[in-house]
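This briefing goes through one protein chain, topic by topic. Keep the sequence and the 3D view open while reading.

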Amino acid sequence: MAESSTPAKAELLATKTVQELLTEGELVPQKYVHKEGIPDPNSSVELMDTPVIDLDLLTPSSTTVEQLDKLRSALTEWGCFQVINHGMTPEFLDEVREITKQFFAIPVEEKQKYLRPVNDIEGYGNDMVFSEQQTLDWTDRLYLTVYPPDQRKLKFWPENPKSFRGTIDQYIRKLQVVTVTVLKAMARSLNLEEDFFLDKYGEQRKMDARFNFYPPCSRPDHVLGVKPHADGTIITILLQDKEVEGLQFQKDDEWFRALIVPEALLINVGDQAEILTNGMFKSPVHKVVTNALKERISLAVFCIPDSDKEIEPSESLINESRPRLYRKMKNYVGIYFEYYQQGRRPIEAAKI
Ligand SMILES: O=C(O)CCC(=O)C(=O)O
Ligand SMILES: [Fe+2]
């Protein structure tokens, strides 16, 4: 989640979408080039060994100690895991991927109807640009608030493909159930009260969806699909492309490739869960590399706590050997952007 709120006083610059650039010529503009180069953008990077967990085995009635251990060690070591048996068929997930591809494939002029206004976060376009110095991401996006339903700005919701709105509505409904089950299991895995994370997620919880489209890029050794960042969420639920890799996670200063499991959702811890667990769960730094030949899509759904909730480490995870690492924060996503654009990790703002 590289964007979350609109900062008050930045000068916003309009840019073209990557798809538009590509219709104009082959050359990658300097604004996208990381001069120092991208270390190892391709498959010589090792695969992560995060677990694939059956969601059914995380429900209170069927959880075993073994499952919770598996979950806890994935979230403390990597900050992410993949989940299967989440109540959606592989065909339905393919449909979600398909409508994403179809939206980005409609003519540019038609997509312009959904264009993100320069000072808004929602809509179709690319990164908000704050300075001439910002290195841009090689991606086009559609960013939508998808939950609660009454906060949807339908003017940004595509009518083409026809099934877009209905399919996303259904997908988001299913994700409510997944989110509740996962947040409860996360709490139980740390011996916290089952509703610990859910309470912090709050009544006024929000979900934003970011549909990502990464066109092929002729310079994968110097251009990133998404710069390294951690998400400002409590958790993020990601539907990856079924065939094309690109996502990488950092662990102990090394990068690892996320495995594609077509029928799975990838769930990662966000900064707010790292704060709530006093650093027990890691909000992992991740990035997306580009591919010279193939396009890639993904759909990230950001679970964002009620901005009125105070987010601070659980007392039960603070002790002599693990002193309190973070202070109390409110509306974390409000500070997220400011830090991100300065190239700093927003979670630093919460560090004691
Ligand atoms: O495209 C991906 O796989 C990940 C995108 C991502 O990290 C994000 O949108 O925050
Ligand atoms: Fe992310």
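UniProt, in an unreviewed entry, lists residues 205–305 as "domain: Fe2OG dioxygenase". Over residues 205–305 the chain is 6% helix and 48% strand, and the end C-alpha atoms are 5 Å apart. The model is predicted.

- An open sheet is built from 8 strands in the order 1-2-10-7-12-5-4-3, with mixed pairing.
- Strand 1 (52–54) and strand 3 (123–125) are the edge strands, and each pairs on one side only.
- From one strand to the next, the twist averages 25 degrees.
- Strands of a sheet pair through backbone hydrogen bonds, either parallel or antiparallel.
- Strand 7 (residues 235–240) and strand 12 (residues 296–304) run antiparallel and are joined by 6 bridges.
- Within this pair, Ile235 stands opposite Cys303 of strand 12.
- Helix 2 (residues 65–77) packs on the sheet, where it touches strand 1, strand 2 (80–84) and strand 10 (265–269).
- The direction of helix 2 makes about 140 degrees with that of strand 2.

**Strand 2 and its two partners**

- Why is strand 2 described as largely enclosed by the rest of the structure? The reason is that 4 of its 5 residues are buried.
- Strand 1 and strand 2 run parallel, joined by 3 bridges.
- Val52 stands opposite Gln82, which belongs to strand 2.
- The chain passes from strand 1 through helix 2 to strand 2, and this β-α-β crossover is right-handed.
- Strand 2 also pairs with strand 10, in the antiparallel sense and over 4 bridges.
- Gln82 has Leu266 as its bridge partner in strand 10.

- Another open sheet has 4 strands, in the order 6-11-8-9, and its pairing is antiparallel.
- Strand 6 (224–229) and strand 9 (254–257) stand at the edges with a single partner strand each, so one side of each has no neighbour in the sheet.
- The twist here averages 30 degrees from one strand to the next.
- Strand 8 (residues 247–251) pairs with strand 11 (residues 286–289) in the antiparallel sense, over 3 bridges.
- Phe249 has His286 of strand 11 as its bridge partner.

**Nonpolar cores**

- The largest nonpolar core has 72 residues.
- Which residues have the most contacts inside this core? They are Ile168, Tyr171, Leu175, Met186 and Phe197.
- Helix 5 gives the most to the core, with 11 residues.
- Tyr171 touches Met88, Phe92, Leu93, Val96, Leu239, Leu265, Leu299 and Val301, leaving aside residues up to four places away in sequence.
- Another core, of 18 residues, lies apart from the largest one, and Ile121, Val226, Phe249 and Leu266 are among its members.

**Cis peptide bonds**

- The peptide bond from Tyr147 to Pro148 is cis, with omega near 0 degrees.
- The bond from Asn160 to Pro161 is also a cis peptide bond, with omega near 0 degrees.
- Pro148 is found in the loop between strand 4 (140–147) and helix 5 (164–189).
- Pro161 lies in the loop between strand 4 and helix 5 as well.

- Asp253 is not a glycine, yet it has a positive phi of about 65 degrees.
- Asp253 is found in the loop between strand 8 and strand 9.
- Is Asp253 buried or exposed? Asp253 has a relative accessible area of 72%, so it counts as exposed, a term that applies over 50%.
- Asn278, also a residue other than glycine, has a positive phi near 55 degrees.
- Asn278 is found in the loop between helix 7 (271–276) and strand 11.
- Asn278 counts as buried because its relative accessibility is 0%, and the cut-off for buried is under 20%.
- In short, Asp253 is exposed, whereas Asn278 is buried.

Notes
Residues numbered from 1 in each chain as written. Chains lettered and ligands numbered in written order. Predicted model: local features only at pLDDT ≥ 70, side-chain atom pairs only at ≥ 80, totals over all residues. Heavy atoms only, no water. Pairing = 2+ DSSP bridges. Helix = DSSP H or I, 4+ residues; strand = E, 2+ residues; numbered from the N terminus. Axes fitted to C-alpha atoms, helices over the stretch in contact; angles between N-to-C directions. Buried < 20%, exposed > 50% of the residue type's maximum accessible area, 1.4 Å probe, protein only. Core = buried A, V, L, I, M, F, W, Y, C linked by side-chain atoms within 4.5 Å. Contact = heavy atoms within 4.5 Å. UniProt positions renumbered as here; feature names shortened; annotations may be inferred. Right-handed = clockwise from strand over helix to strand, strands pointing away.
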